[in-house]
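Subject: Structure for you to look at

Hello,

Here is the structure I said I would pass on. Please open it next to this email and follow along; my notes come after it.

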Amino acid sequence: MVFKKISLLIIFLFCTIVYAREIDYQKEAQAIKQILNESMILYKENKNLEAKKKAEDAYFQHFETMEGSIGRNVGRKAIVMERKFVNLRKLYKDKEDFSKIEALISSLYFDLDEIVPILEKGFQLKAEASDVNYDKKAAENSSLKAEKERQAQAEAMFAALLGENVKEQTSQNSTQSLIAQEQDAQKDEALLALQEASALDARLQFLMDSMISKLDQAALAFVNKDYQKAKDLIQSALFEDYRNSKVEVLVARYTKAGVDKKIQTKLRTIIRKINANTLDEKTIRDEISNISDLLYEAFLALPKEELALLQVKGFDESAMSTKNYTKVYDDMKIALNDILQNYEGFSLNSIDALQNVYLDIFEASGMESKIGAIDSALKLKIESYFSKGVALIKASASKEELKQNFDELSALVEGSLDKIQESSPMSLFIWALGIILREGLEALIIIVAIVSYLVQSGNKKRLNIVYSALWSGVFLSFVTAFFISWIFKEQAGQSRELLEGITMLVAVALLFYVGFWLLSNAQNKKWANHIKTQAVEAISNNSAKTLWFSVFLAVYREGAETILFYQALLFDAKTSTDYSFIFIGLASGLIILVILYYLLKAGALKIPVKQFFYITSYIIFYMVFVFTGKGVGELIEAKVITPSLLPFDFEGILWLGIYPYYESIIPQFMVLILLIMGIFITKQISNKREKI
């Protein structure tokens, strides 16, 4: 057994070497350079958004292919280069000075030229170190974390490779498949650990970006023989960023002795070497890389509780309390790109991966709730693109079709970023008001219909049915929101979609019954006249239970999601004023709903009984039709149902709950037939009853 495991490890490492050589790194690097060059041309033509898209293409289509290999071979370089792509995208978006963009791209070109020869040599577990007196063996088994954590990660990795922590594969799994899975898992875990270790406080990251940007501009100025500009930029990084921000004090106080002095000395040394004319491009780039490493290590060591001392010029402090949905968008795009790259037709793994992007990134991050709180129609549209993507994979659609779906999905999500990132007290008030009105109106219609029925049928004393169901629905909504957010944290998204789907479909059955019950009463003339005299109780115990559940589900179906929407707004609030405006918006919405309730009830009571029951019945039938489609849609998002696309191009009608899938269209068609047949049969029975 031991021999078998060791053999597997050797085979795995060998295959990793072979796999690493499959990528044409030179070709990928040239493609990146070509695309980035095109992006600069577009930017000069004032096409900043097209330039930004080019930068994204360079990252997602080419650099992302190399990133895992860079992380394995040259450690932190993958994170440094990834950050440069992020900054480039931001520079294009913010229409920054071209000199900054040119300098950043120039540094990326140099990085690519430096790493390609290393990658072409094959797989190496190599760590970087800025200190020449480092422990080589420890460095080879580490990234950026403390030594104990590094060793634990290494042991866990090799334990997994040796099968000590991995379930036995079934006999149907080939050795080659197992090796590929282990290889991908190791690559992802290693890169994830590297990214996690490199996560800086937002203020420090801003400061780091500013300093490196100036140093990159200095390097480009040096290459262009503008030596004075190069020296001025280095001086600016040293004094305006490093010293004036007070980070110098923190580095001196909380890092190893000599680190602060080493950083300042290296910056001054570059200036002296420029004066002495003893520099070339490679040397200055290497010096900047060493300074970057020193800054990273120093900044990572700074205690967060001491960062209040920082005075970072140009940094927006509000960003500290605002969730970075741009990072969520980037994570989504990376995951979608991975799915597309590996797509070769129908695959359960691809379907599962896409559904996990929705549940584990888009929904779990709170982005879905935030978009839903602001624009429910946009939320539904984004969800429909995820479902359509699953259906396309199931149908083995072409790669081009799937790419178009992903591009449109990404465009929608990116378009929502400005809406959900920026919030003022007034915008929070408007969103809070809109949520309760939007989510409460459907429930209000059902409640008004049932309350009006009870009053008109002489059962006013039975209104406790409605109030009991209403408060039960509100209470259980809070309980459910808590369970979804905390108890089922790992599968919160899936649990929520499943719950919403089941609740909607149960509501369909109850509302179907209530609708026809009201319709049959509307067409019974003798009974309608009897109601007017309020001579007898016209409600049985069974009917009372059905009405209770109808009200309960009307409130409960919307309640939990509504609470999660408000949770998203509360997370976005930064000051006591923000919180106040959210609660004022909620209170205002509740007052409006109460006013609407009394107005609708008064209006309903003035409508003739027959017309009232007709109107109410058809409104409920509409909800039955919509809830059928939306209920199935929620089950699709909960990974219970895999959708199948209709054989023709159809976008769907989201406000009617109509989606372009057999799984939702067929039940809706059956419900529609049942509704038409039911209305016809009810009318026939009523006509016969009148003749008797």
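Start with Ser350, which is buried because its relative accessible area is 10% (buried means under 20% relative accessible area, exposed over 50%, and partly exposed in between, with a 1.4 Å probe and protein chains only). Ser350 sits in helix H15, residues 348–363. Helices here are DSSP runs of H or I with at least four residues, strands are runs of E with at least two, and both are numbered from the N terminus. Leaving aside neighbours within four places in sequence, Ser350 is in contact with Ile339 and Ile393, where contact means heavy atoms within 4.5 Å.

Before going on, some ground rules. The model is predicted, so local features need pLDDT of at least 70 and side-chain atom pairs count only at pLDDT 80 or more, while totals for chains, interfaces and linings use all residues. Residues are numbered from 1 along each chain as its sequence is written, and side-chain values use heavy atoms, with hydrogens and water left out.

The whole protein

The protein has 26 helices and 0 strands. Of its 692 residues, 50% are buried. Among contacts between residues at least 6 apart in sequence, 81% join residues at least 24 apart.

Helix pairs

What does H15 pack against? One partner is helix H14 (residues 325–342): the two axes come within 10 Å and cross at roughly 180°. Axes are lines fitted to C-alpha atoms, for helices over the stretch in contact, and angles run from 0 to 180 degrees between N-to-C directions. H14 is therefore roughly antiparallel to H15 (under 35 degrees counts as roughly parallel, over 145 as roughly antiparallel, 65 to 115 as roughly perpendicular, and the rest as oblique). On the H14 side the contact includes Val328, Asp331 and Ile339, and on the H15 side it includes Ser350, Leu354 and Phe362. The residues of this contact divide into 10 nonpolar, 1 polar and 1 charged. For that count, Ala, Val, Leu, Ile, Met, Phe, Trp, Tyr, Cys and Pro are nonpolar, Asp, Glu, Lys and Arg are charged, and the others, Gly among them, are polar.

Helix H9 (residues 202–223) and helix H13 (residues 281–301) pack at about 170°, with axes 10 Å apart. These two are therefore also roughly antiparallel to each other. Their contact has 15 nonpolar, 2 polar and 3 charged residues. Among the H9 residues in it are Leu204, Met208 and Phe222, which belong to a set that meets H13 residues including Ile284, Leu295 and Phe299.

Helix H16 (residues 367–374) has 8 of its 8 residues buried, so it is largely enclosed by the rest of the structure. The buried residues include the charged-class names Glu368 and Lys370. H16 packs on helix H17 (residues 376–394) at an angle of about 140°, with axes 5 Å apart. H16 and H17 are therefore oblique to each other. Glu368, Ile371, Gly372 and Ile374 of H16 meet Ser376, Leu378, Lys379, Ile382 and Glu383 of H17. By class, that contact has 4 nonpolar, 2 polar and 3 charged residues.

Nonpolar cores

In soluble globular proteins, nonpolar side chains tend to be buried together. A nonpolar core here is a set of buried Ala, Val, Leu, Ile, Met, Phe, Trp, Tyr and Cys residues joined through side-chain atoms within 4.5 Å. The largest one has 85 residues, and among the members that touch the most others are Leu354, Met367, Ile382 and Leu569. Helix H19 (residues 425–456) gives the largest share of this core, 15 residues. Not counting residues up to four places away in sequence, Leu569 touches Lys370, Ala373, Leu428, Trp431, Ala432, Ile435 and Ile582. Another core, of 41 residues, lies apart from it and includes Leu267, Ala298, Leu307 and Phe315.

Asn46 is exposed, with a relative accessible area of 70%. Lys225, in the loop between H9 and helix H10 (227–243), likewise has a positive phi near 65°. Lys225 is exposed, with a relative accessible area of 61%.

Regards
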